[in-house]
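Visitor: I would like to learn how to read a structure like this one. Please take one feature at a time.

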Amino acid sequence: MTETDTLTHTPISITDEELNSLTQAILRRYGIDFTCYEPISLKRRVIRAINVLKLESVHNLWVKLLRDRDFIVPFIDEVAVGLTSMFRDPVLWRTLKEKIIRTIPKKNALNIWHAGCSTGEEVYSMAIVLHEMGLLSSAQAWATDMSEASLKTAQQGVYHSLKIQEYGKNFEQYNNIGLFKRYYRPEGDHGKMNDSLVQHVNFKAHNLITDPVEGNYDIIFCRNVMIYFDQASKIKLLDEFYNHLNTGGLLIIGFYDALVPLIDKSKFHFLDLNAKVFQKI
């Protein structure tokens, strides 16, 4: 076995000191703050990035980031990779369509922010819900993520046919009399979502921790993103969302974010705990 083979098959580990050194170096050089991420989750993501990018060790990653400024882009794309699915947690989308959107104060335009939109599955799910409610033409949405590769996928709306099949099954649980195939067209072994679903969406790179929040919204989605943040950062983000929600607006979090104990009941009404929807008081 060669030395290279040995390195390839040696499990990668990261100490707390190495992780702290890495995040501080990234913060100083690139102004990107990973210091607020929950350490165990961040370690897993960094190890994954090291393996995918074939760097063999955290030291090699550290050197690569310091020597090659362009390398931060693929690194962030790997660290920020999200596990998402169209119409994931169908109970949310059914409840959203059947009763929750109707609780928002009436206005001419519906402003929506998808914070941490990943590869766009949530954006298209919401667009379909809006279309079925006759609200798509009056909606304006912003979809943000720190990964430019994820944003590119979201804008293109092209997903492998195996994923399209999975999304179709989720859609059936959300709407068992609708036809998911109305919303995309086959392209070889992929499916492309209809462009009309995202004509109302502006896609933009944005870091939830370091970048300022602009605008006011009627609905803010931030689902299964804050699960990776420490408690102080979660509280800070909840305050940001509160400040940028219109009165009566909705905050929709993920089923695995474990945020309910941190949500201030003097600021939010627990509108639907099963669907994880909260309304600004």
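Visitor: Is Ser147 buried or exposed?

Guide: Buried means under 20% relative accessible area, exposed over 50%, and partly exposed in between, with a 1.4 Å probe and protein chains only. Ser147 has a relative accessible area of 1%, so Ser147 is buried. Ser147 is found in the loop between strand S2 (139-145) and helix H8 (148-156). Helices (H or I, at least four residues) and strands (E, at least two) are DSSP runs, numbered from the N terminus.

Visitor: What should I know about the model and its numbering?

Guide: This is a predicted model, in which local features need pLDDT of at least 70 and side-chain atom pairs count only at pLDDT 80 or more, while totals for chains, interfaces and linings use all residues. Residues are numbered from 1 along each chain as its sequence is written, and side-chain values use heavy atoms, with hydrogens and water left out.

Visitor: How far apart in space are Ser147 and Gln165?

Guide: They are 25 Å apart, C-alpha to C-alpha, and 18 residues apart in sequence.

Visitor: What is the strand order in the open sheet of seven strands?

Guide: Two strands pair if DSSP finds at least two bridges between them. Here the order is S6-S2-S1-S7-S8-S10-S9, and the pairing is mixed. From one strand to the next, the twist averages 20°. Within this sheet, strand S8 (residues 245-253) and strand S10 (residues 277-280) run antiparallel and are joined by three bridges. Leu251 stands opposite Phe278 in S10.

Visitor: Which strands does helix H10 lie across?

Guide: Contact means heavy atoms within 4.5 Å. Axes are lines fitted to C-alpha atoms, for helices over the stretch in contact, and angles run from 0 to 180 degrees between N-to-C directions. Helix H10 (residues 231-243) lies across strand S1 (110-115), S7, S8, S9 and S10, at about 140° to S8.

Visitor: At what angle do helix H2 and helix H4 cross?

Guide: Angles under 35 degrees count as roughly parallel, over 145 as roughly antiparallel, 65 to 115 as roughly perpendicular and the rest as oblique. The axes of helix H2 (residues 16-30) and helix H4 (residues 58-67) cross at roughly 10° and come within 10 Å. H2 and H4 are therefore roughly parallel to each other. Residues making the contact include Leu22 and Ile26 of H2 and Trp62 and Leu65 of H4.

Visitor: How many aromatic pairs are there?

Guide: Rings of Phe, Tyr and Trp (its six-membered ring) pair if their centres lie within 6.5 Å; planes under 30 degrees apart count as stacked, over 60 as edge-to-face and the rest as tilted. A search of the whole structure finds 15 such pairs. In one of them, the ring centres of Trp113 and Tyr217 are 5.6 Å apart and the planes stand at 35°, so the pair is tilted. Trp113 is in strand S1 and Tyr217 in strand S7, so this pair ties together parts 104 residues apart in sequence. Trp113 also forms an edge-to-face pair with Phe241, at 5.7 Å centre to centre and 75° between the planes. Phe241 lies in helix H10 and Trp113 in strand S1, so that pair ties together parts 128 residues apart in sequence. Both Trp113 and Phe241 are buried.
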